[in-house]
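Here are some notes for a first look at this structure. Please keep the model open while you read.

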Amino acid sequence: MVKKNVHSFAEMKRAGEKVVWVTAYDFPTANLAQQVGIDMILVGDSVGMVVYGYSGTLPVTMDQMVCHSEAVRRGAPDVFVVGDLPFLSYQQSVTSAIENAGRLYQEAG
């Protein structure tokens, strides 16, 4: 399987192909997604409700997003992964947005 990238997705859109993606928060789910040929995995801040039982996404921290994104990356090393930036990790300033996006990319791959 060839790992897709933003250019792959743009080409798929131009060709009218469907992009298949799923939300995952952990290694085993991501690993299964890779095995079945999923195009993309989202590590959403919905982890707050699904995994932690929060009533919404507001309590989700950068540390939690990094941890879950890192687990997904290890489980699906050949799949394009998108990780959400949680509440107030990017809204305060362009600088904080860049720093937190950089942290997610650096620590979670």
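1. Start just after helix H1. Glycine 16 takes a positive phi there, of about 75 degrees. Keep in mind throughout that this is a predicted model.

2. Now go to the other end of H1, which covers residues 6–14.

3. Turn next to helix packing. Two packed helices are described by the angle between their axes and by the distance between those axes.

4. Take helix H2 (residues 27–35) and H4 as a pair. Their axes come within 7 Å and cross at roughly 35 degrees. The crossing is right-handed. H2 contributes Phe27, Ala30, Asn31 and Gln34 to the contact. H4 answers with Ala71, Val72, Arg74 and Gly75. By class, this contact holds 4 nonpolar, 3 polar and 1 charged residues.

5. H4 (residues 62–75) also packs on helix H5 (residues 94–108). Here the angle is about 35 degrees, and the axes are 9 Å apart. H4 and H5 cross in a right-handed sense.

6. Which residues of H4 and H5 meet? From H4 come Met62, Asp63, Met65, Val66, Ser69, Glu70 and Arg73. From H5 come Asn100, Arg103, Leu104, Glu107 and Ala108. The residues of this contact split into 5 nonpolar, 2 polar and 5 charged.

7. Last, look for empty space. Rolling a probe the size of a water molecule over the atoms shows where such space is left. The largest pocket has a volume of about 290 Å³.

8. What lines the largest pocket? The lining has 13 residues. Nearest the pocket centre are Val81, Gly83, Leu104, Tyr105 and Gly109. H4, strand S3 (80–83) and H5 each supply at least two residues of the lining. By class, the lining has 8 nonpolar, 3 polar and 2 charged residues.

9. One residue links two of these points. Leu104 takes part in the contact of H5 with H4, and Leu104 is also among the lining residues that lie nearest the centre of the largest pocket.

Technical notes
Residues numbered from 1 in each chain as written. Predicted model: local features only at pLDDT ≥ 70, side-chain atom pairs only at ≥ 80, totals over all residues. Heavy atoms only, no water. Axes fitted to C-alpha atoms, helices over the stretch in contact; angles between N-to-C directions. Helix = DSSP H or I, 4+ residues; strand = E, 2+ residues; numbered from the N terminus. Left-handed = near helix turned anticlockwise from the far one by under 90°. Contact = heavy atoms within 4.5 Å. Nonpolar A, V, L, I, M, F, W, Y, C, P; charged D, E, K, R; others polar. Polar contact = N/O pair within 3.5 Å; in protein donor to acceptor, adjacent residues only side chain to side chain. 1 Å grid on protein atoms, 1.4 Å probe; cavity = no way out; pocket = protein on both sides within 12 Å on 5 of 7 lines; lining within 4 Å. Points joined across faces, edges and corners; volume = space filled by probe spheres on them.
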